[in-house]
Amino acid sequence: MTAKQLSLLGDEIVKKSNALCRARWEVDSLYEPRLVALTASKVKRSDLDFQEYEIPLQDIIGDARGGKTYKIVESIIDNLMSKVITIRDGNSSSFAKYNIFSKCAYNSEKNVVVARFDPDLKPHFLGLKEKFTEYNLLEFLKLPSIYSQRLYEILKSWDDVDHVTIPINDLHEMLSTPSSMRKTFGEFRRRVLDKAYNDIKNRTELKYVWVPIKSGRNIVAINFSFSISSIEEEHEKNEKQKRERSNLAFKEAINCWQTNKE
């Protein structure tokens, strides 16, 4: 999305329950979470029931034009109407599955998507007084990957604590990662944790650091810290590593010159 399009959205807020932010949801494209977030930002604090909310298509997919637009819109709607969200009951093994929307349509004359949340999701959007998450819509829309979108929501749901430790299996479950990432932590780190960290750090106001927690040789959990001291400590550590790499490169260059005299 362009900066001009983002600026037109103002300082709108997305508000939903913590449980919904941490729910399991298989996503096929950036556009689906965008539509859900845009629709959620239309829900008013005073609403007693869900309405049909009109979302301009350009807010979802940008300036797409031509014959592909219809196919993109239909794909977004088909995916959202066929997918379910799995919400777990705290730390227990109980869970419930919900549809996201009870209606999702495209109005070509207005060039808008008309969406209405499923009535079963009312406790997760309406009348929230505790255990809920709020975040800036614009920050969310700037995130360029599915995993950075999901991790941003997950971490914002713990924004009221200094740190949180999430079991690695739970994190995989919430992010709906493929089996290859669950078998190889290096791939999960490179494609999800590192990339999402850079996306969130550079495009939002959410600041955090993360470290893997080991049991023997296995990674069993990830600790996310939001405290200022931890973030400053991590920044100093990174700067120190940069200086050490720079000094090492300089020494290698000197040794090379002394050896080859060139």
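Helix 3 (residues 31–42) and helix 5 (residues 68–82) pack with their axes 10 Å apart, at an angle of about 75°. Axes here are lines fitted to C-alpha atoms, for helices over the stretch in contact, and angles run from 0 to 180 degrees between N-to-C directions. Helix 3 is therefore roughly perpendicular to helix 5 (65 to 115 degrees; under 35 counts as roughly parallel, over 145 as roughly antiparallel, the rest as oblique). From helix 3, Tyr31, Glu32, Leu35 and Val36 meet Ile72, Ile76, Asn79 and Leu80 of helix 5. Contact means heavy atoms within 4.5 Å. By class, this contact has six nonpolar, one polar and one charged residues. Ala, Val, Leu, Ile, Met, Phe, Trp, Tyr, Cys and Pro count as nonpolar, Asp, Glu, Lys and Arg as charged, and the others, Gly among them, as polar.

The model is predicted: local features need pLDDT of at least 70, side-chain atom pairs count only at pLDDT 80 or more, and totals for chains, interfaces and linings use all residues. Residues are numbered from 1 along each chain as its sequence is written, and side-chain values use heavy atoms, with hydrogens and water left out.

The chain comes to 12 helices and 10 strands. These are DSSP runs numbered from the N terminus (helices H or I, at least four residues; strands E, at least two). Of the 262 residues, 42% count as buried (under 20% relative accessible area; exposed is over 50%, partly exposed in between; 1.4 Å probe, protein chains only). Among contacts between residues at least 6 apart in sequence, 63% join residues at least 24 apart.

Helix 8 contributes Tyr147, Ser148, Leu151 and Tyr152 to the contact, and helix 11 contributes Arg191, Val192, Ala196, Asp199 and Ile200. The classes are six nonpolar, one polar and two charged.

Lys207 lies in the loop between helix 11 (185–203) and strand 9 (209–215). Lys207 has 36% relative accessibility and so counts as partly exposed.

A cavity is a set of points where a 1.4 Å probe fits but cannot get out; a pocket is an open set with protein on both sides within 12 Å along at least five of seven lines; lining residues have an atom within 4 Å of a point. Points are joined across faces, edges and corners, and a volume is the space filled by probe spheres set on the points.

The largest pocket holds about 700 Å³. It is lined by 24 residues, of which Arg22, Arg88, Gly90, Asn91 and Trp158 are the closest to its centre. Elements giving two or more lining residues are helix 2 (18–21), strand 3 (84–88), helix 6 (122–125), strand 8 (163–167) and helix 9 (168–175). The lining has nine nonpolar, eight polar and seven charged residues.

Two cavities reach 30 Å³ or more. The largest cavity has a volume of about 90 Å³. Its lining includes Lys16, Trp25, Val36 and Glu153, and divides into nine nonpolar, no polar and three charged residues. The second largest cavity has a volume of about 30 Å³. Lys16, Trp25, Val36 and Glu153 are also among its lining residues. Helix 3 gives the most to this lining, with three residues.

Technical notes
1 Å grid on protein atoms, 1.4 Å probe; cavity = no way out; pocket = protein on both sides within 12 Å on 5 of 7 lines; lining within 4 Å.
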